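Work through the exercises below with the sequence and the structure at hand. Try each task before reading its solution.

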Amino acid sequence: MATPAALSPRGGLPAVRLDHGPVWRLWWQRNERLALGAFGLVLLMAMWELVVRLGLVRALFVSSPSGIVRAFAEALDRGTLWTDISISLAEFALGYVAAAILGIVIGIAAGWYRRLNYIASPWLAAWYATPHIALIPLIILWFGIGLQYKVFYVFLVSFFSVVINALAGVQSAEAKYLEVAKSFRASQATVFRTVVLPGSLPFILTGLRLAAGRAWVGVVVSELVGANQGLGFMINLAGTMLDTGRAMMGIVMLGIFGVALGEVLGRVEKRFDVWRPQRA
Amino acid sequence: MGKLEALDICMEYLQARTGNRMLAIDRLNLVIENGSFVSLVGPSGCGKTTFLKIVDGLLAPTGGQLLLDGRSITEPGRERAVVFQDSSLFPWFTVVRNVAYGLECQGVKPADARERVQPFIKMVGLEGFENHYPYELSGGMQQRANLARALAVDPELLLMDEPFASLDAQTRELMQEELLGIWRQSQKTVLFITHAISEAVYLSDRVLVMGPRPGRVIEDLHIDIPRPRPLKVKRTPQFLDYEDRVWSLIEAQVKRDMAGGNGAGGQVLG
Amino acid sequence: MAVTRRAQPSLVNHRVAEKSELVRRYVRNERAILGVASFLGFFALWEVLGDLGWIPVIFFSTPSRIVAEASSEFQTVEFWNNVRISVVELLLGFFIGVILGILMGLLAGWYRRLNYVLDPWLNFMYALPRIALLPLVVLWLGLTVWSVVMAVFLGTFFTVVINTLTGVHTVDQRLLEVATSFRASRPRIFRTVVLPGTVPFILAGLRLAVGHALVGVFVGELFAATGAGLGYMILVAGQQFETDVLLFGVLVFTFMGLILIEGLRMLEQRFQQWRPQVAS
């Protein structure tokens, strides 16, 4: 999230920036965001630990930073952590990649061929309206509990994000560029290659980013509802065994993966955006 | 080479929703001699851009015939190139790739095309900017690249659709002068569409004045100002006189159209 | 078939007019015709294949069976009870999440220091699939309706906060300058420049939150095992291979979501009257 240039600490109006003064003040101005963020993190952790140590809140309910670290060490020791992580990642990778490839192909085709678009659009709209979560029992009914059902679910929730965005990307080809191509007698293939594809790339990348977020949520949800392996399952199990530390650790890992995913995809998107004037 | 004849060109549109037929162009006739610079001026919506699209082959007229050097033309072809109003450079290609686009469409290999367009990039004064993206260029520079792109395919007939309309006034003046310089060097036949009367008078050998919709040529004015024409020729009495004549022609027509024709509403066809 | 139709949006060359009236009718309504046809075709095929036994009814059911099931369900008290419970859980969690989310988002957006402190947490919680917290939520709040409400709340809250925050940050610099040049007080700036500009973002956040809220209800009911609610009904139907009940439940669930979205859209209309209508 971009720092608002215009809003000041006290709210509202632009803050005056000083270019001179004591060293610490300059440093503070430049790194304020980092400092405060880190400060907030540390403060919360410290308070959390303290509150639990003092017995104000039962460790059973909320664990503590040290408890989480301990759980992490234990899990590493036991070796099951890697299995769970890799299962979750595998579900994600398989479902997401399949959705990405098929989604881009079908999305572009539906954008390019008008009739295909007319036929596919209502389905896309219908799919968008359906809460996919409610279909999980049905999918379990089809596949049984195991890797396949989760991969399929991940595929389902990501696929349509990719298709819809790819389609929009192709349709966003502006008339004026198509006209230029036509006036130079470009063949359909050339038009596709030089006008449609580059123009739709930003949309496709956005779609991939959104789909990744959905896919990750899909992994967790499907594991919670019915699974015998994976990070989500591990959290669930820990919860039932009242092993809060372990559950929290799992949650932290999920969160970290989620953040990392978003970062990576955001970078990829920026790289392909070289030709765009930099909008915030 | 480059002599354009338009015979009784008619363009009729059928509005899908209402079923009304609208006449955009009504029996437009003109002749543009080889190597001359001709402007088409007229009020908004009179069909100038429509006509240009017909000449380029992007639209098919509902009536009449177009001849280029005696050959009938119905589709976009190598002998014609358009300089579009909005620079319409592909934002995802660099300048050099954009300028080479026409050649690329003709099947020239990208590397060769890049070499071949260098002199044109130089001609429009964009040397050094080959690897920039359009968003990094100013409006005037983008239009120069636009021009280079059209010149690069070596057309006989250059069609320019209000290419300077989106530029600020000062850049516009300078670009007009540059355009004349480039035109003298390349010696193309040019059909130039514009709103701005002074621009038309300044640039052309002949100014064709169009009336309001449906479009037709109501006056063919020969501009008798010697070339080369520096910008300050715009302040001479002779120049202002020409401007005045064109304006009074258009003004009368527009006023008449506004007063009499109330059914002229609906889609504006530029 | 390329997208060259874009060159002339609403005017049709009169050559088309020369064709027969029927063809013209079709061309004008092609989009609707193909769309409807594809839906009808699908349902017809589904019904036929199911009745012929070519696809196992136990896995897919058929439209007619679902409709039959629907009419019988509508007459049971139990069904309406389930609906009532789920709706209450959903609305409660959603509204609390929205109100608190908007408040927090506005505060965090306006006060930069607050934003810096909260930033890491908000980002983390947003990237984390909040649903993973359910095992802990159940640990804290027990197997009650409140766990479900909390699940809905978690899903809604963070989505709304992040979007609201982004909205506050994306205020138009020029408008701020205008207000400042008229020496508007900070509260006035907030009320008249920042707040209206944030509304579209808030609404976008609400729309996204609906999806998360539905997930919250569904999974929440599974975990809290309250023994009632639509999610529970769907799950049980799945376990008992009652596919018609399952699919009917999915339809009802979808319908709930659609109503919420439609409600949001009407809200959006009211708040966005000043915007030129962009064709969606």
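**Exercise 1.** Find which side chain of chain B meets A:K176 in a salt bridge, and explain why the pair joins two chains.

*Solution.* Begin with the rule, by which a salt bridge is a side-chain nitrogen of Lys or Arg within 4 Å of a carboxyl oxygen of Asp or Glu. In this predicted model the side chain of A:K176 meets that of B:D86, with 2.7 Å from N to O. Helices (H or I, at least four residues) and strands (E, at least two) are DSSP runs, numbered from the N terminus. Finally, a search of the whole structure gives 22 salt bridges over all chains.

Before going on, note the conventions. Residues are numbered from 1 along each chain as its sequence is written, while chains are lettered from A and ligands numbered from 1 in the order in which they are written.

**Exercise 2.** Describe how chain A and chain C touch, and state how many salt bridges the rule finds across their interface.

*Solution.* Start with contact, which means heavy atoms within 4.5 Å: 71 residues of chain A are in contact with 65 residues of chain C. Then turn to the salt bridges, of which the rule finds 2 across this interface. One of them pairs C:E30 with A:R114, whose closest N and O atoms are 3.7 Å apart. On the side of chain A that touches chain C, helix α11 (residues 244–271) gives the most, with 10 residues.

**Exercise 3.** Locate B:E5 and list the residues that B:E5 contacts, leaving aside neighbours within four places in sequence.

*Solution.* First, B:E5 belongs to strand β1 (residues 4–15) of chain B. Second, with those neighbours left aside, B:E5 is in contact with B:L30, B:V31, B:Q65, B:L66, B:L67 and B:G70. Third, B:G63 is 58 residues from B:E5 along the chain, and their C-alpha atoms are separated by 14 Å.

Notes
Predicted model: local features only at pLDDT ≥ 70, side-chain atom pairs only at ≥ 80, totals over all residues. Heavy atoms only, no water.
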